[in-house]
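Please open the structure in your viewer and keep the sequence beside it, so that each selection can be followed from one to the other. The tour has two stops, and each begins with something to select.

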Amino acid sequence: MATKVYVPRLGEGVDEVTVTKWLKQEGDSINELEPLLEVNTDKVDTEIPAPATGTILKIIAQEGIAAKVGELLAIIGKPGEAVDSEQLSVDSVPAQKTAQSPISNLQPPITDHASRSTYLGFISPVVAKIAAEHGVDLSQVNGTGLSGRITKNDVLSYVYSGQKSQVKSQPMVNRQSSIVAPVEGDQLIKHTTMRKSIAQHMVESKHTSPHVLTVMEADMSKISKHRAANKAAFERDGVNLTFTAYFMMAIVAGLKAYPQTNSSWTDEGLLVHKNVNLGMAVSLGEDGLIVPVIKKAEDLSLLAMARAVNDLANRARTKKLQPDEVKGGTFTLTNHGVSGSLFAFPVINQPQAGILGVGAMQKRVVVIDDAIAIRPMVYMSFVFDHRILDGASADWFLAKVKETLENWA
């Protein structure tokens with residue numbers, strides 16, 4: 001009997017995806033949990049694994065086209081098996097399928113009877129696939145991801161630690177670059193789904209908020225000394241202590257001191273957010289950028305913040321983020337200084353009140369107490385929504401960020 005492949009619910013509030021690439025074609029054979037296609041939602045690419053072993057009888061959803069949760073994507077069955085019109089009918093989709101189709105349901109069964117009620121949290125397609133291939137009981141794996149989530153590396157570490165000796169080869173996926181078509185000697189590089197999404201968000205943001213820029217300079221001497229003194233200790237805890245973590249902590253201090261900066265504009269009034277959900281822009285090279293969000297950042301220590309920064313940045317660059325990890329941000333940091341930029345005019349990530357850009361840290365000559373000194377300095381560019389903040393209130397926030405950095409103890 002043929003198996004239908006539906007659009008799963010990939011996260012809270014994710015009701016639609018865009019099919020970016022079919023990894024198999026009609027007539028191809030596929031194994032259960034082998035990657036079948038890639039989908040994109042809000043700039044996050046996710047592999048959808050096959051729910052059964054068989055042959056791809058029919059591909060319904062086309063690349064570049066949006067599909068809602070619960071819609072039919074493809075049909076898998078036996079070679080030569082006929083696909084009738086009833087199977088292709090939207091009415092044939094079970095009413096309960098949407099609620100039962102999260103990818104987390106693909107996790108392998110828990111073999112320990114005493115642990116059957118254990119909740120493992122969201123299990124990504126890659127994690128589920130590797131666990132199934134190696135016969136790993138995920139209830140026995142310690143998760144090192146954000147909020148204890150089990151990552152690909154957690155499963156592989158479990159496998160290679162000797163607790164599971166049988167290691168099977170993983171199928172390789174051929175990932176081709178964007179289609180390039182010649183245009184009278186020039187080349188037309190087709191827009192990716194991510195690039196289209198970035199373009200849409202940027203244009204909408206400029207059309208929505210009156211952007212205003214204010215710039216201050218911060219002395220990073222105390223931060224640099226603190227980082228040098230604590231970097232080795234953080235590494236022993238498996239955490240790379242980056243300057244980004246300090247900037248995130250300073251932003252939290254600024255938002256707590258001036259809560260209006262942690263808000264969104266609505267027609268009814270100003271929506272001041274209870275939690276500080278900090279987004280950090282992560283460059284993906286030529287593929288664009290993505291902004292994963294650290295939820296409830298106001299509760300984090302420097303160690304916890306650094307660990308979250310490491311985790312989200314690494315998984316962003318390896319395309320392992322989940323859709324809900326790029327949603328719900330209330331403020332954003334963009335560290336454009338990593339590419340040498342001194343200061344910039346970032347675009348607000350809607351519907352947030354502002355975005356802070358941090359430039360490259362440079363040793364510069366400054367005057368301190370009427371004496372010339374050399375200090376590691378950094379420009380901070382704060383772009384804010386002038387509907388929400390005025391020049392003075394924006395500067396108060398930025399001054400608090402500066403004060404936090406310069407007086408770090």
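This is a predicted model: local features need pLDDT of at least 70, side-chain atom pairs count only at pLDDT 80 or more; totals for chains, interfaces and linings use all residues.

**First stop: two helices**

Select residues 243-257, which form helix H7, together with residues 302-317, which form helix H8, and turn the view until both axes can be followed; they come within 9 Å and cross at roughly 120°. Since angles of 65 to 115 degrees count as roughly perpendicular and those over 145 as roughly antiparallel, H7 and H8 are therefore described as oblique to each other. The crossing of the two helices is right-handed.

Now show the side chains where the helices touch: from H7, select Thr 244, Ala 245, Tyr 246, Met 248, Met 249 and Val 252, which meet Leu 302, Met 305, Ala 306 and Val 309 of H8. Colouring this contact by residue class will give nine nonpolar residues, one polar residue and no charged ones.

**Second stop: the largest cavity**

How many cavities of 30 Å³ or more are there? The count comes to two, and the largest of them has a volume of about 60 Å³. To see what surrounds this largest cavity, select Lys 43, Val 44, Asp 45, Met 194, Leu 284, Ile 290, Arg 315, Ala 316, Lys 319, Lys 320 and Leu 321, which line it. Strand S5 (44-49) and helix H8 are the elements that each give two or more residues to this lining. Coloured by class, the lining of the largest cavity shows six nonpolar and five charged residues, with no polar ones.

Notes: Residues are numbered from 1 along each chain as its sequence is written. Side-chain values use heavy atoms; hydrogens and water are left out. Axes are lines fitted to C-alpha atoms, for helices over the stretch in contact, and angles run from 0 to 180 degrees between N-to-C directions. Helices (H or I, at least four residues) and strands (E, at least two) are DSSP runs, numbered from the N terminus. Angles under 35 degrees count as roughly parallel, over 145 as roughly antiparallel, 65 to 115 as roughly perpendicular and the rest as oblique. A crossing is left-handed if the near helix is turned anticlockwise from the far one by less than a right angle, and right-handed if clockwise. Contact means heavy atoms within 4.5 Å. Ala, Val, Leu, Ile, Met, Phe, Trp, Tyr, Cys and Pro count as nonpolar, Asp, Glu, Lys and Arg as charged, and the others, Gly among them, as polar. On a 1 Å grid over the protein atoms alone, a cavity is a set of points where a 1.4 Å probe fits but cannot get out, and a pocket is an open set with protein on both sides within 12 Å along at least five of seven lines; lining residues have an atom within 4 Å of a point. Grid points are joined across faces, edges and corners, and a volume is the space filled by probe spheres set on the points.
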